[in-house]
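Morning, everyone. Please look at the model on the screen, and I will walk you through it.

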Amino acid sequence: MPASLLRSRLFRLSGSGIGSFDMRDYVRRGRDYLQLVAEKRVTLDVRAFPLDRVEDAWVNTTGPRTVLTAT
């Protein structure tokens, strides 16, 4: 892609890749985030399915993210 095309547009490009961050920091931040979820200080838009309904979960392609639960 020509650089001139990128320079002439207003856009934001972001991402990460292995090696672009310290894995220990990544694990710590993930643990901290999960703690916030457990404390209900952060909510996640998910649709939960018990594991015995995995077939229903598999075809759920609309709406919030599908997650499987052990219960």
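**Fold and overall shape**

Along the sequence, the protein chain runs α-α-β-α-β. That gives 3 helices and 2 strands. Both are DSSP runs numbered from the N terminus: helices are H or I with at least four residues, strands are E with at least two.

Two notes on the source. This is a predicted model, where local features need pLDDT of at least 70, side-chain atom pairs count only at pLDDT 80 or more, and totals for chains, interfaces and linings use all residues. Residues are numbered from 1 along each chain as its sequence is written, and side-chain values use heavy atoms, with hydrogens and water left out.

Now the shape. The C-alpha atoms fill a box of roughly 55 × 30 × 25 Å along the principal axes. The radius of gyration of the protein chain is 19 Å, while a compact globule of 71 residues would be near 11 Å. That radius is taken over C-alpha atoms, and the globule rule is 2.2 Å times the number of residues to the power 0.38.

What share of the 71 residues counts as buried? It is 4%. Buried means under 20% relative accessible area, exposed means over 50%, and partly exposed lies in between (1.4 Å probe, protein chains only).

Contacts next, meaning heavy atoms within 4.5 Å. Take those in the protein chain with a separation of 6 or more: residues 24 or more positions apart account for 0% of them.

The protein chain exposes about 6800 Å², with 57% supplied by carbon and sulfur atoms. Areas come from the Shrake-Rupley method with a 1.4 Å probe; for residues, only the protein chains shown count as cover.

Start with Met23, in helix α2, residues 23-38. Met23 is partly exposed, at 44% relative accessible area.

Then Lys40, in the loop between α2 and β1 (46-50). Its phi is near 60°, a positive value in a residue other than glycine. Most residues other than glycine have a negative phi. Lys40 is exposed, with a relative accessible area of 69%.

Last, Asn60. Is Asn60 buried or exposed? At 14% relative accessibility, Asn60 counts as buried. Asn60 sits in the loop between α3 (54-59) and β2 (65-69). Leaving out residues up to four places away in sequence, Asn60 touches Arg47, Phe49 and Thr66. The side chains of Asn60 and Arg47 are joined by a polar contact of 2.9 Å. A polar contact is a pair of N or O atoms within 3.5 Å; within protein, one must be able to donate a hydrogen and the other to accept it, and residues adjacent in sequence count only if both atoms are side-chain atoms.
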